[in-house]
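Reader: I am new to this structure, and I would like to learn how to read its features one at a time. Could we begin with a single residue and then widen the view?

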Amino acid sequence: MKAKEVILLILIVAAGIFFYHIQTGKIPVNVYFDDGIFFSLNEYIYEDIQEIEPPLPSEVQIINSHGDIEIQGTKNEKITVSFRKKIWRKNEEEAKKVDNLLRMIINQDDQRLIISTNRNEFRKKNFETFFTVFVPEKMAAKLKNSYGLVKVSNLTNTDIINHHGKIIASNINGNITINNSYNDIEVENIQSDCQIDSHHSKVSVYHVKGDAQISHRYGKINLENISQEVTVEGSHTAVYGQNIGGPVRIESSYEKISLFNVGQTFIRGNHCLVEVDSSKGLDIKDNYSKVRVKNIQGDLFIDGKNLGIFGKTIIGNKISISSSNKDVVLNDFSGKTTIFLSHGDIFLTPFPLTQSIEVKNKYSNIKFYWPSGNTYYVEARSKQGDIHWGLPYEMNFLEENAFSILKAFDEEKDKPSIFLSTTYGSIRIEE
């Protein structure tokens, strides 16, 4: 096979894969391919309007495809439906024939009102359908759409499925459940719980009085003013959250997690940069990145490898840190502190001690800044390394079996103490 033929074959295969991914939705575009590409056709728009009088069921369902759904709750007791049709044909005569055949279908029983179209009856489509619906605000809604916008407001319990479409929801007096992909979600003012399943999208959730539960892949999540618990199960998902009253549980990978003013927080990351400012406790597992935390009023647990850690203003009962290959810096902290580190340096500046501090290092240095105006029993041990004592107090120093050992002040029962240990590194204790 000649080189040109090989190149042509590669291009044909690549084009086939490209159009396959477009049609299956793996590559999102706004043009669909029901009847091929129709750039040479003309666009015609028609509209039908229908009113539905009481008595009405408690739930409305709208089923659509390739178009938009907009539904709004009002004080009115009747339902008004606008059905708009956008049709592409060579001339108006052909478009009018489609308009006469393309219709909305309304079925009603005691439980629900179902609004849909007869789209599936058409072999040749090349049209889009749009619903604008006004319903009594006490109604619940179930909406199913694809390749278009879904916008809802002023309803009760709402369930939305919109594959390859954007979703905007506001002022929902109940729960909301959302499932979509490849387009953004905007949710605001939910009076109860919010549940979202989305991928390849940006998700924004504001002012939720219940819990928020989100499953997400490849994109970004913004969370603000959530009253209760937040759960994020993500992959390749960046998360930003602030003003969350309940517990926060986040799982993600390869993207930044940034939180401000949140409740007790649990983070499970993989290659995630984590930043938390103002939390009621933190439990973090991560690797191959950095963790920066400050203003923590509660226990702090950080576990990882190749994880750089910086913490400031931490007041809790327990502080536990385990990492490797990168530095650990803690400033202005208080609580029973345990640190295990290898191949990285430690810099510690504690508040006056309320509980003991224990540090065990391998192949790393320790720099400890003494809390001013207080004395605590301290013991420092370094194997194959030096110990520097920079305080104006007496201390005892000895060398034993390749260890340098320093002890100062008297060990007292029920009084906090300091234990620092490393191998192949130095320890410096300074004012």
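Author: Let us begin with N154, which counts as partly exposed because its relative accessibility is 27%; buried means under 20% relative accessible area, exposed over 50%, and partly exposed in between, with a 1.4 Å probe and protein chains only. This is a predicted model, in which local features need pLDDT of at least 70 and side-chain atom pairs count only at pLDDT 80 or more, while totals for chains, interfaces and linings use all residues. Residues are numbered from 1 along each chain as its sequence is written, and side-chain values use heavy atoms, with hydrogens and water left out.

Reader: Where does N154 lie, and what is its phi?

Author: Helices (H or I, at least four residues) and strands (E, at least two) are DSSP runs, numbered from the N terminus. N154 belongs to strand β9, residues 150-155, and has a positive phi of about 60 degrees although it is not a glycine. Q384, also not a glycine, has a positive phi of about 60 degrees, but Q384 sits in the loop between β27 (377-383) and β28 (387-389).

Reader: Which peptide bond is cis, and where does P55 lie?

Author: The bond is the one from P54 to P55, with omega near 5 degrees. P55 is in the loop that runs between β1 (42-52) and β2 (59-63).

Reader: Is T117 buried or exposed, and which residues does T117 touch?

Author: T117, placed in strand β6 (residues 112-117), counts as buried because its relative accessibility is 16%. Contact means heavy atoms within 4.5 Å, and, not counting residues up to four places away in sequence, T117 touches I63, N64, F83, R103, M104, I105, T129 and F131.

Reader: How should I read T423 in strand β31?

Author: T423, in the strand that covers residues 417-423, counts as buried because its relative accessibility is 18%. Leaving out residues up to four places away in sequence, T423 touches N361, K362, Y363, S364 and K383.

Reader: What is the relative accessibility of K285, and which residues is K285 in contact with?

Author: K285 lies in strand β21, residues 282-297, and its relative accessibility is 41%, so K285 counts as partly exposed. Apart from its neighbours within four places in sequence, K285 is in contact with I267, R268, G269 and D303. The C-alpha atoms of K285 and I267 are 6.3 Å apart in space, although the two residues are 18 apart in sequence.

Reader: How many helices and strands does the chain have, and what is its radius of gyration?

Author: The chain holds 2 helices and 32 strands. The radius of gyration is taken over C-alpha atoms, and the globule rule is 2.2 Å times the number of residues to the power 0.38; the chain has 31 Å, whereas a compact globule of 431 residues would have a value near 22 Å. Along the principal axes, the C-alpha atoms fill a box of roughly 100 × 70 × 25 Å.

Reader: What share of the residues is buried, and how many contacts join residues at least 24 apart?

Author: Of the 431 residues in the chain, 46% are buried. Among contacts between residues at least 6 apart in sequence, 34% join residues at least 24 apart.
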